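Q: Could you take me through a structure, reading its nonpolar cores and its charged pairs one after the other?

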Amino acid sequence: MRCLVLGGNGFIGTHLVRALKLAGVRPRVLDRAGSLRGEEQSGVEYLFGDFSDPSIVAEALIDVDVVAHLVSTTVPGSASADPISDISGNLIGSVKFLEQMRLSGVRRIVYLSSGGTVYGNTEEESLHEESATNPISSYGTVKLAVEKYLGVYGSQYGVRATILRVSNPYGPNSRHIGLQGVIPTFFSRLIEKQPIRIWGTGENIRDYIYISDLSNAILKAIEQDKPGVYNVGSGIGISIKEIIDIVSEVSSIRPEIEFLPDRPFDVKRVVLDVSKFSKTFDWAPTVELHEGCRMYWHWLNGPG
Ligand SMILES: NC(=O)c1ccc[n+]([C@@H]2O[C@H](COP(=O)([O-])OP(=O)(O)OC[C@H]3O[C@@H](n4cnc5c(N)ncnc54)[C@H](O)[C@@H]3O)[C@@H](O)[C@H]2O)c1
């Protein structure tokens, strides 16, 4: 099986490519940037270019069985600052890519959506895939729009999409430190001996997943042709304050905290019900949060 990984040089992509290779799936990466540490993995085909450029995409799709779409041209903050770029980079870019899939005859795609933003603010303790989707950010709205276009290409052209609404991954190779992912950002502030900044009161609840559990989940979705919408996370809600306690315990550093005003595009609480994905793909997260933070801290302080 050959898998085209769009955005394969990013945080999640580098882990997925390694997992694919180990599982005997042949990865081909299409990315507009090199990998973070400049490390190209042996046994992987690399193509450089934009995922919305028809000429490079036509070449990238040759002999491909399944696509893993991990491109995002924005993070929630940059999407909110410039929604037009968010729409043109991610929504129009994805539809241009789908057009090339239609023309090339490739019919399977695994898309990384965002469990943290598509649902919006809700009173529900735990969100399942049929929960209402009322995103309050451009990032979440565009993710949901791409999901809907995957549905359109499904009904019109037989594209089979597995949509993964991912919670908050953390671990080695995190890319958008300071912009996305509180665990990488908090640890990096400690290393830089800077205060940890919190938007709001620190009571916002999130669901965190260690990167190896996530890459294993994506691998299962690639290997098994079971289209649908699935939440992927730990299923456990943790407040920002609790994360600070864990980060402090793991690093043995008591951080200084700086409280900033709430950001309007941050939802208050997101905990995902992951039972649908777990049952369908025989998957469960294995790395507990303290342990994941310890491994990540160890990696951050390791050589290189
Ligand atoms: N990291 C998170 O917290 C998180 C949470 C939920 C969902 N996701 C989703 O998972 C996917 C992967 O996230 P990530 O954290 O690995 O992001 P990342 O930014 O580390 O990786 C994305 C990769 O896409 C590439 N890229 C961006 N625009 C491109 C373009 N126009 N053409 C070709 N390549 C392009 C980048 O160079 C980068 O290597 C994204 O869709 C993201 O929205 C991420």
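The dialogue below turns to the cores and then to the salt bridges of this predicted model.

Q: Which residues have the most contacts inside the largest nonpolar core?

A: The general idea is that in soluble globular proteins nonpolar side chains tend to be buried together. In this model the largest nonpolar core has 61 residues, and those with the most contacts inside it are L164, I183, F187, I218, I222, F277 and L289. The largest share of this core comes from helix α7 (residues 211-223), which supplies 7 residues. Apart from this core lies another, of 26 residues, among them F51, A60, L98 and V142.

Q: What is I183 in contact with, once its neighbours within four places in sequence are left aside?

A: With those neighbours left aside, I183 is in contact with Y170, Y208 and I243, and also with L289, C293 and Y296. Of these partners, L289 is itself listed among the residues with the most contacts inside the largest core.

Q: How many salt bridges does the structure hold?

A: Side chains of opposite charge can pair when their charged atoms come close. The structure holds 13 salt bridges, and one of them joins R28 to E45, with the closest N and O atoms 3.1 Å apart. This pair links distant parts of the chain, since R28 belongs to strand β2 (residues 26-31) and E45 to strand β3 (residues 45-48), 17 residues apart. R2 is linked with R28 and E45 in a network of salt bridges.

Q: Which parts of the chain does the salt bridge between E125 and R269 tie together?

A: The side chains of E125 and R269 meet at 3.6 Å, N to O. E125 lies in the loop between β5 (108-114) and α5 (138-157), and R269 in the loop between β12 (257-260) and α9 (275-281), so the pair ties together parts that are 144 residues apart in sequence. E125, at 59% relative accessibility, counts as exposed, while R269, with a relative accessible area of 24%, is partly exposed.

Q: Where do E203 and K241 lie in the chain?

A: E203 is in the loop between β8 (196-199) and β9 (205-210), and K241 is in helix α8 (residues 240-251), so that the pair links distant parts of the chain, 38 residues apart. Their side chains meet in a salt bridge of 3.3 Å, N to O, and K241 counts as partly exposed at 39% relative accessibility.

Terms used. Residues are numbered from 1 along each chain as its sequence is written. This is a predicted model: local features need pLDDT of at least 70, side-chain atom pairs count only at pLDDT 80 or more; totals for chains, interfaces and linings use all residues. Side-chain values use heavy atoms; hydrogens and water are left out. A nonpolar core is a set of buried Ala, Val, Leu, Ile, Met, Phe, Trp, Tyr and Cys residues joined through side-chain atoms within 4.5 Å. Buried means under 20% relative accessible area, exposed over 50%, partly exposed in between (1.4 Å probe, protein chains only). Helices (H or I, at least four residues) and strands (E, at least two) are DSSP runs, numbered from the N terminus. Contact means heavy atoms within 4.5 Å. A salt bridge is a side-chain nitrogen of Lys or Arg within 4 Å of a carboxyl oxygen of Asp or Glu.
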